[in-house]
Amino acid sequence: MSSVELYPTSPKNVLSQYIGKSIRDVPTPAAVINVAAIRRNCERMLQTCDKLGLDWRAHVKTHKTVEVTEFQVGNDAKRPVNLIVSTLAEAEFLLPRLKEYRSQGRQVNVLYGLPIPQNAMSRLAAVAKALGEGSVSILLDDPAQIPIISNFQSLSGVVPHAHIKIDMGGKRAGVEAQSARFLELADVALEAHSQGKIRLSGLYSHAGHSYGGDSRAAAIKMMRAEISAMLEGADRLTSRAAEKSVANLPPLVVSAGASPTSLAVQNLVTTSEEAQETIPGELKSEVQALSDLFGTVRGKGHLVEIHAGVYPTLDLQQLAAHSISASRLSWGDIALTVLAEVHSNYPGRGANGTPEALIGSGGIALARETCKAYEGMAMMTPWGRKDVGLPTCDVEDFRGWIVGRFSQEHGILTWRSGSAKTEPVQPDQELPKVGEKVRLWPNHACITSSHFGWYFVVDEDETGKEDVIVDIWIKCRGW
């Protein structure tokens with residue numbers, strides 16, 4: 001049974017009453033998307049892949065909408081619609097749009113982003129049956145998964161593509177490319193490939209620990225580590241295929257990325273546009289090394305694909321990774337904010353006698369994910385505040401109101417004086433008054449947005465109408 005039946009989506013026909021109104025008039029807490037930032041962020045990624053000749057696969061887990069997916073894959077009829085879903089619900093929700101892409105002649109492939117389990121088979125097979133041959137990919141990281149996937153063709157009429165999941169050290173999923181376990185998995189996967197039960201297509205990694213990076217060079221270095229590990233795996237896999245006389249192995253796809261590392265690839269484009277004397281030597285070196293590595297992968301007959309998910313919306317974690325220049329990754333590029341109302345003011349209650357305020361957005365609305373750059377759960381934007389503009393500092397040095405404490409439905413605005421090491425002093429920005437609404441930049445857009453059924457969409461490119469709701473984007477629900 002599809003999750004569309006089990007988890008009905010929010011009614012757009014009812015929510016459409018808000019289109020044309022100001023976000024000041026919507027119930028809170030609310031998730032607000034600035035479509036102008038979504039548009040910019042997605043175009044930059046597609047343009048980068050085009051310029052560098054890289055294949056592209058978009059993860060939809062952050063936003064879970066048809067509309068952002070459309071921005072992620074673009075309008076070029078020649079570009080494949082390659083996606084990653086973290087839940088079967090996402091694939092089922094997007095299925096009508098994917099069928100449209102297929103009817104228009106675009107290649108469609110949906111990769112289920114967890115190593116394949118038994119309980120995914122019937123629903124994933126239904127997606128494959130609706131989309132046809134070549135439409136579904138799965139991840140393998142355990143030989144015991146091969147018997148599970150062997151029945152997929154009989155259920156769907158489609159041979160699933162399969163990627164071996166590589167563990168980059170995060171120990172979340174995957175096998176290490178240099179391990180004996182990798183060869184054990186490769187042997188059974190190659191056998192299944194020879195029997196026509198799967199199409200062994202490549203290798204896949206997700207360097208989630210790249211979120212801990214702190215510079216452009218560090219992010220590129222992590223991407224290079226991902227590609228290098230998978231190249232080792234691809235070489236071992238092709239050698240093993242030769243040993244076993246598996247002659248029909250296709251060019252292997254080396255698919256790498258997390259948003260910091262995939263964003264970092266943009267440095268290969270932007271550094272050529274920057275004044276060379278201003279670029280640190282380490283960054284130049286890493287840019288060249290990654291460019292050379294892409295060439296090496298291609299020279300061995302493999303394909304390079306990058307993937308990412310949170311990059312359309314961005315968030316404070318992405319700012320804190322500093323993976324690309326501030327001209328492409330800064331405060332104004334964060335597309336997702338949470339709208340909240342101030343319930344109470346508490347003069348003098350905070351550290352060193354600073355004031356505090358209570359807002360109606362706590363852990364349920366903002367999520368409980370921390371950001372390495374500062375000690376809070378969200379930062380207050382300058383929206384609607386007199387004489388307060390976008391910050392010009394790094395996220396670590398933010399001076400302003402943050403959600404410093406929270407519980408389930410309560411958030412406490414506290415004053416931050418510039419860094420974790422700076423003792424709070426009396427604020428030079430006015431504390432929002434009771435009844436006022438504020439917008440908050442979240443730490444992690446993926447987790448924050450998961451609590452909402454829809455987004456109120458505004459467009460900052462509409463001068464004078466930046467707060468006017470131009471659309472409602474409905475999200476899928478469930479797993």
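This note sets out numbered points on the overall fold, the surface and one residue of a predicted model.

1. Basis. The model is predicted, so local features need pLDDT of at least 70 and side-chain atom pairs pLDDT 80 or more, while totals for chains, interfaces and linings use all residues. Residues are numbered from 1 along each chain as its sequence is written, and side-chain values use heavy atoms, without hydrogens and water.

2. Overall form. The C-alpha trace spans about 75 × 55 × 35 Å along its principal axes. The radius of gyration, taken over C-alpha atoms, is 23 Å, which agrees with the value near 23 Å for a compact globule of 479 residues (the rule is 2.2 Å times the number of residues to the power 0.38).

3. Secondary structure. The chain holds 16 helices and 17 strands, which are DSSP runs numbered from the N terminus (helices H or I, at least four residues; strands E, at least two).

4. Packing. Of the 479 residues, 57% are buried, meaning under 20% relative accessible area with a 1.4 Å probe, protein chains only. Among contacts (heavy atoms within 4.5 Å) between residues at least 6 apart in sequence, 77% join residues at least 24 apart.

5. Annotated span. An unreviewed UniProt entry lists residues 335-459 as "domain: D-serine dehydratase-like"; such annotations may be inferred rather than shown by experiment. This span is 7% helix and 35% strand, and its end C-alpha atoms lie 10 Å apart.

6. His444. This residue lies in the loop between strand E15 (437-442) and helix H16 (445-449). His444 counts as buried because its relative accessibility is 10%. Leaving aside residues up to four places away in sequence, His444 touches Asp315, Gln317 and Glu369.

Notes. Buried < 20%, exposed > 50% of the residue type's maximum accessible area, 1.4 Å probe, protein only.
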